[in-house]
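Thanks for coming, everyone. I have one model to walk through today. Please look at the sequence and the structure first.

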Amino acid sequence: GGDNAIIYVRTFDNPDQSFRFLASTSYRNQYKVQNIDIFNNSTDANEENRTGQERGFTDETRNIYVFQADYIHPISEQKKIETGLKSILREFDNDFIFQRFQEENQDFVTDPNVSNRFIYKDQVYAGYFIYAASSEKIDYSFGLRGEYTNLNTELINTNEINKQNYLNLFPSAQVLYKLNEENSLKFTYSRRIDRPRPWRLNPFPDITDSLSIRRGNPNLQPEKIHSLEFGHMLNRAKSSFTTNAFFRHVDGQVDMITIIQDGISYIQPENLNTSVSYGLEFIGLGEVTPWWNISGGLTMFRIIVDGSNVENGAINKGFAWNTKLTSDFKLPWGINFQIVANYDSPEIEAQGRDLSQYFVDANVMKNFFNNRGSLALSVRDIFDTLRFAGENRTAAFSQDFYSKMETRIFLVSAKFNF
């Protein structure tokens, strides 16, 4: 893989006036091998109990091109306008070969009904305009962003072609009112879009688990999100604290829906009617001692999901919360130590709920050669607790699922600035 970029910056006599242009390319080629052992009618994964073997080879290339121009023009010392254009062009080519071991041939044979090649192309053209003003007591800005999206996907082996074109407008507003030097109030409104990832549009099945088959949905539409926030910010010399009340309404909420056919569960993403969530968010940062800082956040919210368009009665509601705590220590000999703890409570979905997730990461870093070089050691998921699990409960079926990947990872990195 490789990345390249050209950046042009134009300066003016007025330091508040600027023009910036960016052109970048990114190329990635990833190759993945899956080896699958099957143990039917046995919970003991010994070689003598193996009843079948399968393997998959994935060769994926990704090309991304970005062109962006931004211009800031001051009207006065307190007022300015910002405008710009941005284009993102992406092309992903995923070639998948699936093979099964045949006893009679004592060799792996390619299955053309599962092997597939999926090509994804999209182009996003966007433009924005922002008006901002400030005074001693109040800062505010209003903006509008327009985006046109052209999307094409093709499943080569079945010649399935999907084309989508859509134009969207995204208004935004932000007001900051300063009560005094330490306290301020903030109000924000925004409308934004969340497009599905390419793999979620690929309709070909992933049969790594022959009883729980995942597949994409080429007709999947992007989520349209309306967001309102009202908050209070307290800023002091060695600490800050923010409280936010928020409300979010999502049209076309994307959720994984399970369909049971002949004892096999098919899992695919679907657009639901809506989801609504509202709650409180607390964010804090403080210096306990000159060598110890703590930062963290707590979010508590209620969510209501309407999936009655994909399943009768699939309207679910519940309460959830999540928290993250980061602790930074400056140790002797120039060593920096950081520990990060995360917890996500169970959260409802259209057909059931996802169970809680929690993990702890740690990082140690030391600088050398007058801070020109550094050596870092990171441990992800120290206690190996991260997994994805949940339960589906509908009038037609009851299902529990559990998935555990290799999440405890050790990383070593070194950096030197010449």
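**Overall make-up**

The protein has one helix and 25 strands. Those come from DSSP runs: helices are H or I with at least four residues, strands are E with at least two, and numbering starts at the N terminus.

Some ground rules. This is a predicted model, so local features need pLDDT of at least 70 and side-chain atom pairs count only at pLDDT 80 or more, while totals for chains, interfaces and linings use all residues. Residues are numbered from 1 along each chain as its sequence is written, and side-chain values use heavy atoms, with hydrogens and water left out.

Now the dimensions. The C-alpha trace spans about 80 × 55 × 50 Å along its principal axes. There are 418 residues, and 33% of them count as buried. Buried means under 20% relative accessible area, exposed means over 50%, and partly exposed lies in between, with a 1.4 Å probe and protein chains only.

Contacts next, meaning heavy atoms within 4.5 Å. Take those between residues at least 6 apart in sequence: 56% join residues at least 24 apart.

**Strand pairing**

Strands pair here if DSSP finds at least two bridges between them. Start with β15, residues 274–289, and β16, residues 292–306. They run antiparallel, joined by 15 bridges. What do β15 and β16 form? A hairpin, with two residues between them. G284 stands opposite G296 in β16.

β16 also pairs with β17, residues 315–331. That pairing is antiparallel, with 15 bridges. There, M300 has W321 of β17 as its bridge partner.

Next, an open sheet. It has four strands in the order β19-β20-β23-β24, with antiparallel pairing. Its edge strands are β19 (347–348) and β24, each pairing on one side only. Inside that order, β20 (residues 352–354) and β23 pair over three bridges, in the antiparallel sense. R353 stands opposite E391 in β23.

Where is A396? In the loop between β23 (388–393) and β24 (398–403). Why does A396 count as exposed? Because its relative accessibility is 73%. R215 is 181 residues away from A396 along the chain, and their C-alpha atoms are separated by 21 Å.

That's the tour. Over to you.
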